[in-house]
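Subject: Structure for you to look at

Hello,

I am handing over the structure we spoke about. Please open it first; my notes follow below.

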Amino acid sequence: MLPSVTFLDLETTGTSPLKDRITEIALVRFDHGVETARWQTLVNPGMPIPAFIQSLTGIDDAMVQHAPSFADVAGQLLAFLDGTVLAAHNVRFDHGFLKAELKRMGITLQQKVLCTVKLSRLLYPQHFSHGIDAIVARHHIEGLARHRAMGDVEAVLIMLADARRELGEAAVQAAAEKLMSAPVLPGHVDASLVGELPEAPGVYWFCGENDQRLYIGKAINVRARVFSHFGREASAQEKRMAQEIKRFEWIPVAGELSAVLLESRLLKTHQPVYQRQKRYAQPLYSWQIDSQAQPNVHLLDLDEIDSARTEHLFGMFKSKRQATEALRKIAELNQLCLKELGLEPGRPGACQAYPLRRCKGVCCGQESTVMHTLRLQQAMMAHKLRPWPYAGKIGIEEYNLDNDLRQIHVFEYWTYLGTADSDESMQVLLAQTATHKFALETYKLLLKILPQKKTRVLNLAEVRF
């Protein structure tokens, strides 16, 4: 399939590479299609194995009590991996644990990897599920120790043997090569950073001469997103930018919301060279209805909008002209008086629309001002901004297993106040007196994520890190 590939599986005490440890390693190495090594060992994790994991894998504390530690077997493991591609089912999980264990020893693992879940999807696209259980059922595999490291490795090997027989060696090799054909960084970029790129959420940026920010982006998988800028599908602008990149950096975050908020802040602060066409101080206008005023609607600009009183605002418009045209259209559809709305000169007598029966006559005493205002409010209801649905500040929590990062984003009256990742930073945000300046992007973002079941809204008085 590949010149040299090692199929590996780990059993662990849990799912977090930063908190949990390895309990078993199994691998089979192939060189030029021939099996050249097969190795497995239990590993003493140096911590209790949770009861749930014991029942799942069959590996208990007694079994690993006298097993070697990871440090004891690390040299042997690295020898097996030397010069090969590391292949695993959901390789991100196994690779992450190996990197974390080796990092504790002061070793940086830089290994090419191949995900056999993705390989199965390419080979068998007609099937929905590609987990080990699905593969065992689909390929009628019997007699393997499921949820033990070597058993899971052998399940993958049987699947690939069936694929060679059913689809041909060339098809399997082409699928593997497709997954391995990652874009190559330009030669002038420091490639030593590549091994550290996380397959986890984050915000990244490219720097050019004199540390100037060229581009800032966000991603659920930083590694994949960074490489996408240098692939065959890269745009002309990306290819031009690639020639200017001297280095790149990134900040890990806990999830998608964290990435959106951090990217937005960094874009406004740095205004990268290749993103300056974006406008970060865009005008914003909204209509406010006041039955006691004349005219009874008033256009407010962004600086006048208090996000604590959004229930009195109607519509969000990027210009006065856009706001006026929208109100004029609403008036025409609902027989509202343009003169009463301030869209027609206030000369004595009926407005121009009244003789044409496009106005019900508030301008000439045929309709009361109260009734006209009620009809205006009803017509504008579809454009009404939402009131803040909470009593005060809220926190939205995100947690990521891959980097063991927990972040809580604090909002009040549609205003983003900041992000806390410790008790100390949370106390600062709780004590903060907010200026409720309306931000359309924050308003739209919260309208999108608050109704989602996965969104965790917290009572900040009870939050502890």
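Which residues do ring pairs link into a cluster? The cluster consists of Tyr 204, Phe 206, Tyr 215, Phe 230, Phe 248 and Trp 250. Please keep in mind that this is a predicted model.

In the structure as a whole there are 15 aromatic pairs. One of them is formed by Trp 414 and Tyr 443: the ring centres lie 4.9 Å apart and the planes meet at 70 degrees, so the pair counts as edge-to-face, for which the angle must be over 60.

Now the chain overall. It has 15 helices and 15 strands. Its radius of gyration is 30 Å, whereas a compact globule of 465 residues would have one near 23 Å. Along the principal axes, the C-alpha atoms fill a box of roughly 100 × 55 × 50 Å. Of the 465 residues, 48% are buried. Among contacts between residues at least 6 apart in sequence, 64% join residues at least 24 apart.

As for the surface, the accessible area is about 24000 Å², and carbon and sulfur atoms account for 51% of that. The side chains include 54 positive and 52 negative ones, and the centres of these two sets are 10 Å apart.

Regards

Note on methods:
Residues numbered from 1 in each chain as written. Predicted model: local features only at pLDDT ≥ 70, side-chain atom pairs only at ≥ 80, totals over all residues. Heavy atoms only, no water. Helix = DSSP H or I, 4+ residues; strand = E, 2+ residues; numbered from the N terminus. Rg over C-alpha atoms; globule rule 2.2 N^0.38 Å. Buried < 20%, exposed > 50% of the residue type's maximum accessible area, 1.4 Å probe, protein only. Contact = heavy atoms within 4.5 Å. Areas by Shrake-Rupley, 256 points an atom, 1.4 Å probe, with all protein chains shown as cover. Lys, Arg positive; Asp, Glu negative; His and termini not counted. Charge placed at Lys NZ, Arg CZ, Asp CG, Glu CD. Phe/Tyr/Trp six-rings, centres within 6.5 Å; stacked < 30°, edge-to-face > 60°.
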